[in-house]
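Colleague: I have this one open in the viewer. Can you walk me through the helices?

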Amino acid sequence: MTYDYSNLLGAMRSKGITQEQLARIIGKSEATLNRKLCGAREFKQSEMFKILEALDEPIERTSFYFFKH
């Protein structure tokens with residue numbers, strides 16, 4: 001299954017959050033985050049919630065950012 005993280009990437013750009021910063025927020029390396037954003041690895045629920053918090057988005061927006069196929 002492939003995922004489309006364009007909404008997430010757009011939100012990161014609009015909030016001025018880099019992949020390096022987001023990787024630090026979720027406690028992963030930038031390379032690991034990049035693999036997740038490319039669909040090679042899946043995001044854990046805890047990582048999704050940390051990212052939503054960093055984007056100042058409610059948990060109800062999880063599917064908008066992480067489950068767009």
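**Helix packing and the core**

Modeller: In α1, the buried residues are Asn7, Leu8, Ala11 and Met12; buried is under 20% relative accessible area, exposed is over 50%, and partly exposed lies in between, with a 1.4 Å probe and protein chains only. Helices are DSSP runs of H or I with at least four residues, numbered from the N terminus. The buried residues of α1 fall within an arc of 140 degrees when seen down the axis, so they line one face of the helix. The arc is taken over the directions from the helix axis to the C-beta atoms.

Colleague: Before we go on, what am I looking at, and how is it numbered?

Modeller: This is a predicted model, where local features need pLDDT of at least 70 and side-chain atom pairs count only at pLDDT 80 or more, while totals for chains, interfaces and linings use all residues. Residues are numbered from 1 along each chain as its sequence is written, and side-chain values use heavy atoms, with hydrogens and water left out.

Colleague: Fine. Which residues are exposed on the other side of α1?

Modeller: Arg13 and Ser14.

Colleague: And what do the buried residues of α1 pack against?

Modeller: They pack against α2, α3, α4 and α5, where contact means heavy atoms within 4.5 Å.

Colleague: Moving to α2. Which of its residues are buried?

Modeller: Leu22, Ala23 and Ile26. Their arc around the axis is only 105 degrees, which puts them on the same side of α2. They pack against α1, α3 and α4.

Colleague: At what angle do α2 and α3 pack?

Modeller: About 100 degrees, with the axes of α2 (residues 19-26) and α3 (residues 30-37) 8 Å apart. The axes are lines fitted to C-alpha atoms over the stretch in contact, and angles run from 0 to 180 degrees between N-to-C directions. The two helices are therefore roughly perpendicular to each other, a label for angles of 65 to 115 degrees.

Colleague: Who meets whom there?

Modeller: Gln19, Glu20, Leu22, Ala23 and Ile26 in α2 meet Glu30, Leu33, Asn34 and Leu37 in α3. That contact divides into five nonpolar, two polar and two charged residues. Ala, Val, Leu, Ile, Met, Phe, Trp, Tyr, Cys and Pro count as nonpolar, Asp, Glu, Lys and Arg as charged, and the others, Gly among them, as polar.

Colleague: Which residues touch the most other members in the largest nonpolar core?

Modeller: Leu8, Leu33, Phe43, Ile51, Leu55 and Phe66, out of 17 residues. Such a core is a set of buried Ala, Val, Leu, Ile, Met, Phe, Trp, Tyr and Cys residues joined through side-chain atoms within 4.5 Å. At least two residues of this core come from each of α1 (6-15), α2, α3, α4 (45-54) and α5 (62-66).

Colleague: What does Leu55 touch?

Modeller: Leaving out residues up to four places away in sequence, Leu55 touches Leu8, Ala11, Met12, Lys15 and Ile17.

Colleague: Last topic, backbone. Which residue has a positive phi although it is not a glycine?

Modeller: Asp56, at about 60 degrees. Asp56 lies in the loop between α4 and α5, and counts as exposed because its relative accessibility is 65%.

Note on methods. Parallel < 35°, antiparallel > 145°, perpendicular 65-115°, else oblique.
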